[in-house]
Structure formats: C-alpha cells, structure tokens
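Trainee: Hi! Could you walk me through this one while I look at it?
Mentor: Happy to, just ask away.
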Amino acid sequence: MKHDISLTTAAIEQAGVPALRVAFTVAVIVFLFAGIFIWRRRHQFFDRDPDVENDVPVVRHNREEVILSVWTGLTLVLVSVLYEVWRA
C-alpha cells in the first residue's frame, strides 16, 4: 500500500510541475507588466490632487514608496518561487 502512494505522488508531481512552470511564468510576466504600467502612469497616480488637503510632496512620495515596496516584495516572491519550480 505504501508503495502505491509514493507512485501516485510521483505521477501527480510529474504532471503538475509543467503546469506550475507555466502558471508562475505567466504570473511573473503579468506582475512585470503591471509594474511597467504603474511606472509609466506614476504622474497620473501620484501627482498633486487639488481636492485633497495637505497634499504635500512628502506624502505623495511616501504613497509611491509604499506601492513600490509592496510590488517589489511580491515580485521577488514570485521570482523566487518561479526559480524553485524551474529548478525542480
């Protein structure tokens, strides 16, 4: 019985690795394009808003840094998982 479980696990792993490679490759590409899109439209997203009180440059810069740090962290996680999947 134990031998059958390990054979089943091996078969599932062999079938799942290519699907994981494709999924994480697509996810990394989508994240990179999202980052490029945000970077190209950063002035539209992070410039002065006349409807907001106390919208000083420091606050706008902090908003940009928060978005950039979260995006960078998620992208690094995806790239590290992608590396591990392609190495398997």
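This is a predicted model: local features need pLDDT of at least 70, side-chain atom pairs count only at pLDDT 80 or more; totals for chains, interfaces and linings use all residues.
Trainee: Is R63 buried, partly exposed or exposed?
Mentor: R63 is partly exposed, because its relative accessible area is 35%. Buried means under 20% relative accessible area, exposed means over 50%, and partly exposed is in between, using a 1.4 Å probe and protein chains only. Residues are numbered from 1 along each chain as its sequence is written, and side-chain values use heavy atoms, with hydrogens and water left out.

Trainee: Which residue does R63 form a salt bridge with?
Mentor: R63 pairs with D55, and their closest N and O atoms are 3.1 Å apart. A salt bridge here is a side-chain nitrogen of Lys or Arg within 4 Å of a carboxyl oxygen of Asp or Glu.

Trainee: Why would side chains pair like that?
Mentor: Side chains of opposite charge can pair when their charged atoms come close.

Trainee: And what does R60 meet in a salt bridge?
Mentor: The side chain of R60 also meets D55, at 3.9 Å from N to O. That links D55, R60 and R63 in a network of salt bridges.

Trainee: Are D55 and R60 buried or exposed?
Mentor: D55 counts as buried, at 6% relative accessibility. R60 is buried as well, with a relative accessible area of 15%.

Trainee: How many salt bridges does the structure hold?
Mentor: Three. E84 is partly exposed at 43%, while R87 is exposed at 55%.

Trainee: How do you number helices?
Mentor: From the N terminus: helices (H or I, at least four residues) and strands (E, at least two) are DSSP runs.

Trainee: New topic. What is the phi of N54?
Mentor: It is near 55°, a positive value in a residue other than glycine. N54 lies in the loop between helix 2 and helix 3, and at 65% relative accessibility N54 counts as exposed.

Trainee: How much space lies in the largest pocket?
Mentor: About 190 Å³. On a 1 Å grid over the protein atoms alone, a pocket is an open set of points where a 1.4 Å probe fits, with protein on both sides within 12 Å along at least five of seven lines, and lining residues have an atom within 4 Å of a point. The volume is the space filled by probe spheres set on the points, which are joined across faces, edges and corners.

Trainee: Which elements give two or more residues to the lining of the largest pocket?
Mentor: Helix 1 (2-40), helix 2 (42-46) and helix 3 (57-87) do. Helix 3 gives the largest share, six residues. The lining includes G35, W39, F46, H61, I67 and W71.

Trainee: How far apart are I67 and G35?
Mentor: They are 32 residues apart in sequence and 9.9 Å apart in space, C-alpha to C-alpha. I67 has its place in helix 3 and is partly exposed at 39%.
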